[in-house]
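Here are my notes on the model, as numbered points. Please read them with the structure open.

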Amino acid sequence: MIPNPQLSVTAERIILLLQKCISQTQIHQIQAQLILHKLHSNTTVAHHFITACQNLSLLHSSLPRFFFTHLPKPHVFICNNLLRAFSHCQVPYIPYSIYSHMHNNSILPNNYTFPFLLKSLSDFKDFKQARSVHTHVIKFGHLNDIYVQNSLLNVYASCGHMGLCRQLFDEMPDKDVVSWTVLIMGYRNAGDYDDALIAFEQMQYAGLVPNHVTMVNVLGACASFGAIEMGIWIHDFIRRNRWEIDVILGTSLIDMYMKCGRIDEGLNVFRSMKENNIFAWNAVIKGLAFAKCGQEAVLWLNRMEEEGLNPDEVTLVNVLIACSHAGMVDMGKQIFRSLINGKYGFPPNAKHCACMVDLFARAGQLDEAFKFIREMPFEPTISMWGSLLAGCRAHRNLELSEFVAKKLVELEPGNSAYYVVLSNVYSEMGRWTDAAEVRELMKKKGLKKDLGSSSVESKPRDMIMNY
């Protein structure tokens, strides 16, 4: 360590010890030295002490309490260091309590205080406190700081308040690539894919060059919206600018091509990548599942294992979906059996079971699907009953349709679509009185027939695909 003429020999020795510290016991010993030599108020020493605690995963409520007990009004730099450390360790409420202490003790925040605090509020989607902090940002004159503005954009986007996010964005006199990326990311996460793509076009008209994070989010919007032309343009932009296609960007390209039905282009991206991880493999297999290429999905699973990469829970969900869509019942049963026998190192979860119900139901093996639901070690979910209902309707099993539709009404009594299905089942069975009673029950509950209710039986299957 280079000697600092403004630090005492004791302070420099303690900083050196903190840099070499490897245990909680040593931290406690150094903490005692800080109190003994009254060095906890020294901003440089405090910074190293907080950093050491963070590196050793020793961040908990006692750390700010230590400073505030021995130093009721610490320097804002110490408070900011505490906020920075806690904003990165995913500990809820503590950053805001640190800020509350600052506010209550008249410690004026600066432009570094708010980004750390807002990051924590964003991570935990604390909209109420974010609104409060926003008023303080205005009060203390930091609203024109681009980093504070971007942090406010991010917290509103994370909380799903895109109206406020857009309003703040439009009021910003200057916007950088982070501002635009946060707006695009917010729209994408809110499911407003067209707005995300429009914002991306506006960003280009404004003359800003997107970065990797921007492109990953735009590609995600393209994938969900089916905007293949925009996706191809982005891929060309990446090639023209000679960007390296890393795992994150490559996986986003694969996902976009696969969801837009361009299987070959997605596979070409995968093959061109220097490095592939589990997410890239899963994107390929999920894409093949979407395209109902069951045999190819199983081949990619085998290839994945041959290359020494262990499938995870998502991989197996995607493969089972592929088997279900391709009608490969025997293969699906074989993979599920391997899952039960411990081949993959984890037991089947509820999603895997939902895939099996869908596999049997699509193939018309309704008794097998019903038996699976009764015997599995999980409580049946709405998606499982929905898959079975869709199979019953497709294969004209009215008796089982009645039973399952009643189950869904029981599970979601406020969903009008299930009443409509049950009423239709009764009508097809010639039980007109029962059908009329169901419609009358809907009236009493104030439920109206949804124009999209005829597609309700396919929705639970889509829920599985979004895993």
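1. Packing around α9. The buried residues of α9 pack against α7 (113-123), α8 (127-139), α10 (162-171) and α11 (177-189). Buried means under 20% relative accessible area, with exposed over 50% and partly exposed in between (1.4 Å probe, protein chains only). Contact means heavy atoms within 4.5 Å. In α9, the buried set is V148, Q149, N150, S151, L152, L153, V155, Y156 and A157.

2. Ground rules. This is a predicted model, where local features need pLDDT of at least 70, side-chain atom pairs count only at pLDDT 80 or more, and totals for chains, interfaces and linings use all residues. Residues are numbered from 1 along each chain as its sequence is written, and side-chain values use heavy atoms, with hydrogens and water left out.

3. Geometry and ends of α9. Helix α9 covers residues 146-158, 13 residues in total. From first C-alpha to last it reaches 18 Å, close to the 18 Å expected at 1.5 Å a residue. The expected span is 1.5 Å times one less than the number of residues. At the helix start, a side-chain oxygen of D145 comes to within 2.9 Å of the backbone nitrogen of Y147. Just after the helix, G160 has a positive phi of about 80°.

4. The fold overall. The chain has 27 helices and 0 strands. Both are DSSP runs numbered from the N terminus: helices are H or I, at least four residues, and strands are E, at least two. The C-alpha atoms fill a box of roughly 90 × 55 × 55 Å along the principal axes. Of the 467 residues, 48% count as buried. Among contacts with a separation of 6 or more, 61% join residues 24 or more positions apart.

5. Residues 176-210 are 74% helix and 0% strand, with end C-alpha atoms 10 Å apart. Residues 246-280 are likewise 74% helix and 0% strand, and their end C-alpha atoms lie 10 Å apart.

6. N217. Is N217 buried or exposed? N217 is buried, because its relative accessibility is 6%. N217 sits in helix α13 (residues 212-225). Its side chain makes a polar contact with the side chain of R188 at 3.4 Å. A polar contact is a pair of N or O atoms within 3.5 Å; within protein, one must be able to donate a hydrogen and the other to accept it, and residues adjacent in sequence count only if both atoms are side-chain atoms. The N217 side chain also reaches the backbone oxygen of V213 at 2.9 Å. Beyond neighbours within four places in sequence, N217 is in contact with I184, M185 and R188.

7. Cysteines. The disulfide count is 0, taking a disulfide as a pair of cysteine sulfur atoms within 2.5 Å. C392 is in no disulfide either; the nearest cysteine sulfur, that of C355, is 18 Å away. C53 is buried at 3% relative accessibility, and C392 is buried at 0%.

8. Nonpolar core. In the largest nonpolar core, of 152 residues, F49, F67 and L388 touch the most other members. Such a core is a set of buried Ala, Val, Leu, Ile, Met, Phe, Trp, Tyr and Cys residues joined through side-chain atoms within 4.5 Å. Leaving out residues up to four places away in sequence, L388 touches V357, A361, L366, A369, F370, I373, L400 and V404.
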